[in-house]
Amino acid sequence: MSGPWEQIPLFALPETTVTTSPASTDDVLPDDDVFPDDDVFPDDDVLPDGDVLPDGDVLPVDDAVSVDADVFVEADHAGSGPAVAGHRESPERSDVAEAADAPTSPSPEVDDEAVDGDDAGSDAADPPVWEALPAGEDADGHALIVTAAGTYTPSGRELTGPVDSVEKLDKLVRWASLKPLGAPPQVWIVGQGACEALGWVIDPGNEEDFDDMEALRTRAASELTAVLQAALTPMLSAGWELRGDPGHVVHLSRSIGKFTSMVDVVIEPYVWTYWNKDFGWNNRVGEMGILGSPTAGTYLPDDDLPAARELGRRLAWSAKHLGVLPGPTPARTGAAILDKIKRERTRSGKGIVVATAGPVPPLDGAPRKELEPAVGWVRVPDAEDLDGVRRLVSIDQRAAYLASAGMLEFGYGQPTHLTGGAAAAAAVGDKGAPFGLWRITLPAGQTLSLPEKLPPPHPHMLADQPVQTWVTSVSLDGLCSPVADGGIGADRGDLDITEAWVYPQQGRVLDKWAKILREARKTAVDTEDAAMKSFIGSCYKGYIGRMVNPDMWTAKQMQHHHQPLWRAAIIAHCRWRGRRVAMRIAREHGHWPVRTITDSWVYLLPGGEDIADPSDALGKMSVEKDTLLTDTLLSDLASAQDMHDVKLTIKAAFAEEDED
């Protein structure tokens, strides 16, 4: 008998079926937990994932999902963004270098622990640390991996020889009787050879023939759909149904009477044909979910069997530490975790369950853009800032959004509209203002005794005139805190509260969700598993970012994921926490920032001084980048005429560090 991940010569199914992991109990869903694939979204990312019926496990409708399987795919086909995602075998892989100057989406946070580049490059033959980690059995019974050599459980147990026809794929799926785990069961097709054996081959053309890489991606996606529609005929004739057009994920379902089973076939070599903001930005190669990122060095190995082995490890890791199979995007995975918690709380009757959307109420004078924008600011340093300076240091909140999500109380239910004195009175509470939105007047910045070397306390504030605007309770409390703690020292009466929307219920809705992701992240950090650490970051950033877009949540079963005010509160909380730290650094070290982007702050420092937080807790400031300033860069900063010059110099300094 060959060992794990070795070739099986014949297509022979064992007499017994694959056994579901004992740890899994997530195989039945209430009928409000079907979910769509997600793609397009506004700011930084989101989306849902629920569970569906196991393939081959028939369940009564009363105990399982009332399947509206179109929900699975409605967003997959909603549209795609203006970019191409890279892949280990994609035609545009070589375009990565030329895309270095392509515009990038500002990251809400940058992870602090990094892979040691020197060690990684010391021996090209050595695989990354995480590829040597053991593959567990937690995803066995929920997923299968198909290569040109044969089929395997995620843990590496041999099942069959090559799957060289769609009929054999059908036989394999029926025999395996896989069960869902936060997502439909999954069959992963790994490597171009496995695709060729099934006749799933496309030839969209050479990237050199395309001026617009998105045109290549679109053409490839269209060709893949056509190939699959023709090739899947035997499975459709055998009783399977396609939900939506097939692409890099083929959504299959099969109904027998009142019973429905589902399975997703994920075609790894063609993941690059699918794009959304989770996967890339313009022509840059981005994070491709559980598969990792080619540019970050976390993508699967080049050879098929090592790639299958590493994919199996990641599937098992997700099942064990997140309790779900990975969704089509990291954001989908984040939503699947929350949906699983929702189901558990519904069954037990314990804990907060939010089953309805929380759209922004009708606001008079609503901000044109975001309710609570992330801060983006730069200033020209003066002579005092440059005196004795040798280093440029960026500090960053460790997993900022995840930290805030776990500690904040969020409102839910139907909000009450208050005006006049009732609105002002409602803002006063024993623990600060209750969760809601408040229409206030921000005083002109120049009328306040505020630090000149910090951005305004709120992004909507103007220097020369008052501004009436809407803010969350987090900002209301922040503005009322002392200047030394980042606020303006205002009394609530000073803010002229004229109107409010206040929620009847509030609580730490995301506490367990954040705990699961926090503990998974710690596991990844402790084991030097950069691939899974990056995936965790993408999961929580993606999900929180996509809370804002109602178009993502049009299906009835998914509307509870539309929570733009939760996202606004998280952004505001990160912003205020960063400002409070900036005041602490100024007080203790006498230094002021010259640049801030979201939750990162850039400082000019002399030699050896440490301004980061000593704690390793999430939300605390850690050193993101620390580079020595050359005489040329110092000269550029000293001669900077405007903010644009400063931005370019900072970018150049950190680019040199990246090259080193």
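This is a predicted model: local features need pLDDT of at least 70, side-chain atom pairs count only at pLDDT 80 or more; totals for chains, interfaces and linings use all residues.
The side chains of Arg379 and Asp385 are joined by a polar contact of 2.7 Å.

**Around Arg379**

Arg379 sits in the loop that runs between β10 (376–378) and α9 (383–386). Is Arg379 buried or exposed? Arg379 counts as buried because its relative accessibility is 9%, and the cut-off for buried is under 20%. Leaving aside residues up to four places away in sequence, Arg379 touches Asp385, Lys453, Trp592, Pro593, Val594, Met643 and Val646.

**The whole protein**

The protein has 660 residues, and 58% of them count as buried. Its secondary structure comprises 17 helices and 20 strands. Among contacts with a separation of 6 or more, 77% are between residues 24 or more positions apart. The protein exposes about 26200 Å², with 50% of that supplied by carbon and sulfur atoms.

**The second largest pocket**

Rolling a probe the size of a water molecule over the atoms shows where empty space is left. The second largest pocket has a volume of about 510 Å³. Its lining is made up of 20 residues. Nearest the centre of this pocket lie Leu408, Ser473, Val474, Asp477 and His573.

Which helix gives the largest share of the lining? That is α15, with 5 residues. Both α12 (473–479) and α15 (564–589) supply at least two lining residues each. The lining splits by class as follows.

| Class | Lining residues of the second largest pocket |
|---|---|
| Nonpolar | 8 residues |
| Polar | 6 residues |

Terms used:
Residues are numbered from 1 along each chain as its sequence is written. Side-chain values use heavy atoms; hydrogens and water are left out. Helices (H or I, at least four residues) and strands (E, at least two) are DSSP runs, numbered from the N terminus. Buried means under 20% relative accessible area, exposed over 50%, partly exposed in between (1.4 Å probe, protein chains only). Contact means heavy atoms within 4.5 Å. Accessible areas come from the Shrake-Rupley method with a 1.4 Å probe; for residues, only the protein chains shown count as cover. On a 1 Å grid over the protein atoms alone, a cavity is a set of points where a 1.4 Å probe fits but cannot get out, and a pocket is an open set with protein on both sides within 12 Å along at least five of seven lines; lining residues have an atom within 4 Å of a point. Grid points are joined across faces, edges and corners, and a volume is the space filled by probe spheres set on the points. Ala, Val, Leu, Ile, Met, Phe, Trp, Tyr, Cys and Pro count as nonpolar, Asp, Glu, Lys and Arg as charged, and the others, Gly among them, as polar. A polar contact is a pair of N or O atoms within 3.5 Å; within protein, one must be able to donate a hydrogen and the other to accept it, and residues adjacent in sequence count only if both atoms are side-chain atoms.
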